[in-house]
Amino acid sequence: MHPTVPGFTYRRVPVADDVSLNVAVGGSGSPVVLLHGFPQTHLMWRHVAVELAAHHTVICPDLRGYGASDKPAENAGADGTDGVTYAKRTMAADTVALARALGHDRFALVGHDRGALVAIRAALDHPDVITHLASLDVLPTLDTWDVMHGTSAAVGFHLYLMAQPPGLPERMISASADAFFGHFLDIWTRDPGAIPAGIRAEYLAASRAAVPSIVADYRASAGIDVAHDQADRDAGNQLRMPVSVLQQDWGTALGFDAAARWRAWAPDLRHTTVSCGHFMAEEAPGEVAAAVRDLVTR
């Protein structure tokens with residue numbers, strides 16, 4: 001029996017040709033969509049979702065390529081390294097289609113880690129659909145690569161590994177999947193008890209079964225996603241809606257001004273540095289839920 005978000009109902013929703021997403025839906029009121037990160041599933045929102053459901057319709061999908069959602073084969077480009085199947089633009093379109101299928105033409109969007117990159121792209125591509133945006137513990141893709149340099153970039157070794165052409169990273173990760181994915185669950189958590197054994201086992205099993213699609217997601221972020229961000233930067237496009245960012249103090253660790261990086265994209269910004277670990281929706285769910293509630297009143 002797989003763990004679930006308490007009180008939420010589950011369904012599969014078609015969002016694109018041959019792609020359906022597994023989604024948990026609960027509560028009532030103005031819609032909020034929550035997008036999970038790596039190496040997790042929608043279950044990372046289990047505390048936040050229940051709290052928000054008191055006043056909102058809360059929609060928690062597994063991203064394409066993750067959890068119980070469909071995992072289409074990567075559409076490789078001409079050079080064999082990336083394609084559109086796991087571009088954040090494609091995954092953002094999934095999110096908009098999901099909300100629309102559930103009856104919501106406009107909604108607030110919250111993303112953590114990989115889900116935050118999808119959320120940022122959705123807000124740039126669909127500014128009339130996304131009313132509010134919250135990002136947990138990432139920089140936009142273009143900035144992420146820009147701040148990674150020297151020996152401090154070792155913290156992001158997985159970004160470089162999964163950026164490689166198809167074949168090697170998939171074989172290496174599959175050969176020791178639990179050790180690979182478990183490494184991040186261990187080193188990115190300040191409160192190990194925030195991810196209990198049953199949830200950890202669920203994350204590991206889901207990730208173990210999705211190595212090719214997870215790698216494809218990361219590979220896209222070293223190729224087509226950068227191109228999309230650069231096009232927006234060159235055109236002067238910004239995030240038009242109110243934006244809240246919760247972030248660990250990566251700027252001090254890696255030598256950059258995180259709030260300034262975000263302000264270049266988001267004129268209406270609230271940037272908060274948190275004291276918990278990366279998995280803040282599980283380590284500090286009350287703080288995250290409060291930030292979302294504050295955001296949607298702006």
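Student: What should I know about the model before I start?

Tutor: It's predicted, so local features need pLDDT of at least 70 and side-chain atom pairs count only at pLDDT 80 or more, while totals for chains, interfaces and linings use all residues. Residues are numbered from 1 along each chain as its sequence is written, and side-chain values use heavy atoms, with hydrogens and water left out.

Student: Which residues does the cis peptide bond join?

Tutor: Phe38 and Pro39, with omega about -5 degrees. Helices (H or I, at least four residues) and strands (E, at least two) are DSSP runs, numbered from the N terminus. Pro39 sits in the loop between β3 (30-35) and α1 (46-52).

Student: Is Asp18 buried or exposed?

Tutor: Buried means under 20% relative accessible area, exposed over 50%, and partly exposed in between, using a 1.4 Å probe and protein chains only. Asp18 is exposed, at 76% relative accessibility. Asp18 also has a positive phi of about 60 degrees, although it is not a glycine, and lies in the loop between β1 (9-16) and β2 (19-27).

Student: And where is Asp137?

Tutor: In the loop between β6 (130-136) and α4 (141-147).

Student: What does His228 touch?

Tutor: Contact means heavy atoms within 4.5 Å. Not counting residues up to four places away in sequence, His228 touches Ala87, Arg89 and Arg121. His228 is in helix α10 (residues 224-235) and is buried at 16% relative accessibility.
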